[in-house]
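Subject: Handing over a structure, with notes

Dear colleague,

I am passing on the structure below, together with some notes on what turned up when I went through it. Please look at it first and then read on.

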Amino acid sequence: MVSSPVGIQSTASTEFTQVISLPKTTEYQAAIALPNSPLFGTDGIRGRVGELLTASLALQVGFWAGVVLRQNSRELGPIIVGQDSRNSSDMLAMAVASGLASSGLEVWHLGLCPTPCVAYLTSITNAIGGVMISASHNPPADNGIKFFGSDGAKLPQAWQAEIEAGVRSQTNLCISQNAWGRSYLRSDLVQNYTESLKKPLLRNRDFAGMRIVLDLAWGAAVDLAPVVFRDMGAEVICLHDRANGDRINVDCGSTCLTSLQAAVQEHRATLGFAFDGDADRVLAVDDKGRPVDGDYILYLWGQALQTQKQLPDNLIVSTVMANLGFERAWEKIGGKMIRTPVGDQYVQAEMARTGGMLGGEQSGHILCRHYGITGDGLLTALHIAALVQYAKVPLSEMVNQSFTTYPQLLRNVRVESRDRRMNWNQCAPVQKAIAQAEAAMGDQGRILVRASGTEPVIRVMVEAASADLTQYWTDNLVLAVQQHLA
C-alpha cells in the first residue's frame, strides 16, 4: 500500500466515463465453487476459510461490491476496509481490496479495528461504503465479509443480492473498463472513532474509582478498549489483550465468560466486560461475578433513557430470543417491546421503521441511536459503566431490582451440510417434534428453532415456566435435529 493521503476526503481524480456491457465471461468470473444456498447470511458472507471463503471468492465479491456501490452512489468516494485479528484476515482484506480497486474505487485500509469503527468512519467521511473482514464471535478457522452503506448501516439486502448475482454470473450490470483504483493505509482515522466514543460521556462524568476488567478475546478491540477506559479515568485490568489469530474467541470473550467472572471476583472489580472478536457485541459481569446479558443491558439502559424522557413510546426493539421475563418486566413499567428475527440488521431496520432509539439482542448486540449507528460493544460498555457510576450502587443491585428471567436453554446442533441446514424447516420429523412440544407446553413456554446465519449450526431454544420443562423439551428437540438433520 502507498502512503496515506492527507485528511479524510478522497484523493481519487480518475474519471470513469467508459462503460461497457458485462461479457458472459470475464476475469472476474473465474470458476469457483459456490453453494446452492445464498452466500449472504444475517451478517454478510461467513464460513470456513479455504472452503467457502477463498481469495478467489473475496476478489470477485470485492469487484462486484464495487460495481454495485458505484452504481448506487451519486458521487464517487472511497471504500473503507477494516479487519479483525484472524490469520486469514490479511489475505481476505487484500483480496477484497484488489477487487474493489479493479472496479475503479479507492480503498482506505484501517487495519485492525472493531466493526463499528468501519461503520462510523464510513458515515462521517465521503466514503460510499465500508467492508469489515471478520467472523465476529466465530472460531479462528472461520472468517467473513460484511458490508456497510455510505450511512454506516448494513448494506440493503437488495444490494447484497446484486453483488451475489454478479459473483454467480447472473447479472446485467455494467462495468467500467480500464478504471483502476488505489489503496491507502488510513489507520490514522481510527482515532476519530475513539474520540466519538468518549465525547458524550466526558462532559458529565468520568470513571474515577472504578476498577474494570476487560476481556478482549484476542481480537479487534485489543488496542482501543484499554486506552478508552483509562482515558475515562478507570483502573483497567485486561485479559486476552493481544491480537492473536490462533486464539481469537477461544474459551474467552463474549462466548465464554468463565475467565472474566473469575477475574472480576479475584480483583474485586466494579464490573467486567467481554467483547467478541470484532467488538460489535459485549456482555457484562457484575461485581458478584454473575453474567449480565443483552436483555439486562437493554432493560437498564432503557430504564435510564425512559427516566430522561429520551425513549420514544418507551419502545425497545429486541428479537425472538429476548427472555419473557424481560418483556413482561419492561411492560410492567410502561414499556413496549417489538420482536424481530435474530440478527442486528433486523433490529436496526425495525428501529428505523418505528423511530425506536434503543434495540438489540440477548447476545450483546446493542444499538442506541442517540450515540451510534450500529451495534457497538465498546460504546455499550462505556454507557453501562456510566450508568453504574451515576447510580452509585453496584451493578449486582441494579440487576437484582430489574427482573427475573424465565428458564431458557439454547443448544447448538452442528449441521455441516449448508443446504440441509438452510432448509431445515422442510424436515417433517423435526416439524412434528416441534408441534408436539408446543402443544404440550401451551402458554407455559415457547420454542424457537432456526438455522444460524453465522455458524454451521441449528439453534434450538426452549423457554418455559420451569427448569424441568425447559430441559425436557430441549433434549427432545435436539435429539430430533441430530437424528434427522445432522
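Which residues do ring pairs link into a cluster? The cluster consists of Tyr 296, Tyr 299, Phe 326, Trp 330 and Phe 403, joined to one another through ring pairs. Please bear in mind, here and below, that this is a predicted model.

**The chain as a whole**

The secondary structure of the chain comes to 15 helices and 21 strands. Its radius of gyration is 23 Å, close to the 23 Å that the globule rule gives for 486 residues, so the chain is as compact as a globular protein of that length. Along the principal axes, the C-alpha trace spans about 65 × 60 × 40 Å, and buried residues account for 58% of the 486 residues.

**Aromatic rings**

The count of aromatic pairs comes to twelve. One of them is formed by Phe 326 and Phe 403, whose rings are stacked, at 5.6 Å centre to centre and with 25° between the planes. Phe 326 belongs to helix α9 (residues 324-332), whereas Phe 403 is in the loop between α12 (395-400) and β19 (408-414), so this pair ties together parts that are 77 residues apart in sequence. Both Phe 326 and Phe 403 are buried.

Another pair, that of Tyr 472 and Trp 473, is edge-to-face, with 4.9 Å between the centres and 85° between the planes. Tyr 472 is partly exposed, since its relative accessible area is 48%, while Trp 473, at 12% relative accessibility, counts as buried. A further contact involves a charge and a ring: Arg 186 lies over the face of Trp 108, at 5.0 Å from the ring centre.

**Pocket and cavities**

The largest pocket has a volume of about 1100 Å³. It is lined by 43 residues, of which Ser 254, Arg 281, Gln 362, Ser 363 and Leu 410 are the closest to its centre. The elements that give two or more residues to this lining are β14 (291-292), α8 (294-307) and β19, and the largest share, four residues, comes from β19. By type, the lining of the largest pocket divides into 13 nonpolar, 20 polar and ten charged residues.

Among the residues that line the largest cavity are Asp 43, Lys 146, Phe 147, Lys 154 and Gln 345, and its lining as a whole divides into one nonpolar, five polar and three charged residues.

**Two backbone positions to look at**

Ser 136 has a phi near 55°, which is a positive value in a residue other than glycine. Ser 136 is placed in the loop between β6 (129-133) and β7 (142-149), and at 1% relative accessibility it counts as buried.

Lys 392 likewise has a positive phi, near 60°, and is a residue other than glycine. Its place is in the loop between α11 (377-391) and α12. Is Lys 392 buried or exposed? With a relative accessible area of 74%, Lys 392 is exposed, whereas Ser 136 is buried.

With best wishes

How values were computed. Residues are numbered from 1 along each chain as its sequence is written. This is a predicted model: local features need pLDDT of at least 70, side-chain atom pairs count only at pLDDT 80 or more; totals for chains, interfaces and linings use all residues. Side-chain values use heavy atoms; hydrogens and water are left out. Rings of Phe, Tyr and Trp (its six-membered ring) pair if their centres lie within 6.5 Å; planes under 30 degrees apart count as stacked, over 60 as edge-to-face and the rest as tilted. Buried means under 20% relative accessible area, exposed over 50%, partly exposed in between (1.4 Å probe, protein chains only). A charge sits over a ring if NZ of Lys or CZ of Arg is within 6 Å of the ring centre and within 35 degrees of the ring normal. On a 1 Å grid over the protein atoms alone, a cavity is a set of points where a 1.4 Å probe fits but cannot get out, and a pocket is an open set with protein on both sides within 12 Å along at least five of seven lines; lining residues have an atom within 4 Å of a point. Ala, Val, Leu, Ile, Met, Phe, Trp, Tyr, Cys and Pro count as nonpolar, Asp, Glu, Lys and Arg as charged, and the others, Gly among them, as polar. Grid points are joined across faces, edges and corners, and a volume is the space filled by probe spheres set on the points. The radius of gyration is taken over C-alpha atoms; the globule rule is 2.2 Å times the number of residues to the power 0.38.
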